[in-house]
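In these entries I record what I looked up, and in what order.

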Amino acid sequence: MSDYIISGSESLGIEFGSTRIKAVLIDEDFNPIATGSHDWENKLENGIWTYSLDDVWSGLQDAYAKLNDNVFEKFGVKIKKLSSIGFSAMMHGYLPFDKDGNQLAEFRTWRNTITQDSASKLTELFNFNIPQRWSIAHLYQAILNGEEHVNNISFLTTLAGYVHWKLSGEKVLGIGEASGMFPIDSATNEYDEDMLSKFSSLPDVSKYSWDIKDILPKVLLAGESAGTLTKEGALLIDPTGTLEAGALMCPPEGDAGTGMTATNSVRVRTGNVSAGTSIFSMIVLDKMLSKVYEEIDMVTTPTGKPVAMVHCNNCCTDLDYWVSLFIQFSKLAGSDLTKPQIYDMLYNTALDGDKDCGGLVSFNYFSGEPVTGLDSGRPLFARSESCNFNLSNFMRTQVYSTMATLKIGMEILENEKVEIDSLMGHGGLFKTEIVGQRLMAGAMNTPVAVMETAGEGGAWGIAILAKYALDKTDMPLEDYLDNKVFSKYKSSVIEPDKADVQGFADYMKLYKKAIAVEKAAVENI
């Protein structure tokens, strides 16, 4: 294998998640052979959820250095060159630059819920749902706010697009990531021309010298070349100067597209649920929805097929905080239980709880949640005086809270008669075997599968897309994944249990009533 590393035949995937930057190196058979990661966290500054771009580069360099250390530990050599590279990141957000490449405003991430006015107006204008997270909503809100920097915009992109641009010089995006900036026409696999014209014709917009068509990144499909790693880009990844330039770069994608790839969910009637800091489902449609729903984002697969996306801003953050209390207590009690052991114990006790959680309810809202109409959030746990209050019910409630808002959005797809053969689960919620998978199956009343590769996540997914671009094959991505990547990997499927389905339905009745309590908490705490 050391000779293989020296030859530079590996493909590298790096994903900038909400709490971790992860790097995965794969061999020619798509097997992960080394990993590295860097923890980071967004900050709330002046009412804006953001990350510093300095942290982007220091985090990338740390993740890559740790990957390189892992390679050296295993094979006794360091990485000198690579065959292909792919970059992915949390979707959406706002990163504007002027003609000299200077950042014009703080990076406004997907987590912000500060664009309600612009999102509503654009949804009405386009007759197409524009979520608050989307780049075009942030741009138009900045226009409505009269922000001075807008006049100087020369390029608007996302985090994945920014990193790719700096490493390759190419201002491009994969179509899945682009579909979170501006609506895509799946017939042409380009930005929707009619909507571009409508946006440009708005009086607030037409006064600017730039044209929306010129400031958005070019759209590319999975399998297309998106440039090569430049000498300057190689130094940004590896300041030691060891990494050579020249590696092929695939189109940068968002975490939704890499999640679909990593779970083999790019074919029609397949879907996946990504459950980490946020939670979202991606369902590949065989027909368009009958009308516009503000709860449903219409995006695309990395090859341009229409996808119904239910995105919720909050998932495991509050659950992790509760688990941390038990970890602190464990240390206080002198226990030698490890963090993973405590997680597994607490998750598993949730299976022993009452199916409806016994009268307990929890809201995991650290930030706003557009699906339930909240611009900001307050983590909230509530119970009645007559509830069945025990540890199993408490933990089941916390797990239920991660998926309750998602269920509200998925109910729309149920009413639309959208057919889903199965959901593929991935992300932190599914790390403990069976628990998240079983409760998700009951919540969604759909079989939920988890692959043995689920832990590698989006970084592995973008590494696969990098290898797909390198192979220059005419094989559609769906067939490529089926035949070359996933044929050797196993998955486990859990069918929905009738008692779990009914229990979650009963829990949701209380949850929906308690939304009023959450709104009161936002107003008063």
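**Entry 1: Cysteines**

I searched the whole structure, which is a predicted model, and found 0 disulfides. A disulfide is a covalent bond between the sulfur atoms of two cysteines.

I checked Cys387 next. Its sulfur has its closest cysteine sulfur in Cys357, 11 Å away, again too far for a bond. Cys387 is also buried, at 15% relative accessibility.

**Entry 2: Helix α15**

How many residues of helix α15 are buried? I found 9 of the 10 residues, in the range 435–444, to be buried, so the helix is largely enclosed by the rest of the structure. Among the buried residues are Val435, Leu439, Met440 and Met444. Arg438, in helix α15, is partly exposed, with a relative accessible area of 22%; the limit for buried is under 20%. Just after α15, I noted a positive phi of about 50° at Asn445.

**Entry 3: Salt bridges**

Which residue does Arg438 pair with? Its partner is Asp500, and the closest N and O atoms are 2.8 Å apart. Asp500 lies in helix α18 (residues 498–524) and Arg438 in helix α15, so the pair ties together parts that are 62 residues apart in sequence. Asp500 is buried, at 1% relative accessibility. I also noted that Arg438 and Asp500 belong to a network of salt bridges with Lys355 and Arg396.

Lys80 forms a salt bridge with Glu244, with 3.8 Å between the closest N and O atoms. Lys80 is in the loop between α2 (53–75) and β6 (84–89), and Glu244 is in the loop between α10 (231–237) and β13 (248–249), so this pair ties together parts 164 residues apart in sequence. I recorded both as partly exposed: Lys80 at 46% and Glu244 at 33%.

The last pair I examined was Lys213 and Glu193, whose side chains meet in a salt bridge at 3.3 Å, N to O. Lys213 sits in helix α9 (residues 212–215) and Glu193 in helix α7 (residues 193–201), 20 residues apart. Lys213 is partly exposed, with a relative accessible area of 44%, and Glu193 is partly exposed, with 48%.

Methods:
Residues numbered from 1 in each chain as written. Predicted model: local features only at pLDDT ≥ 70, side-chain atom pairs only at ≥ 80, totals over all residues. Heavy atoms only, no water. Disulfide = S-S within 2.5 Å. Buried < 20%, exposed > 50% of the residue type's maximum accessible area, 1.4 Å probe, protein only. Helix = DSSP H or I, 4+ residues; strand = E, 2+ residues; numbered from the N terminus. Salt bridge = Lys/Arg side-chain N within 4 Å of Asp/Glu carboxyl O.
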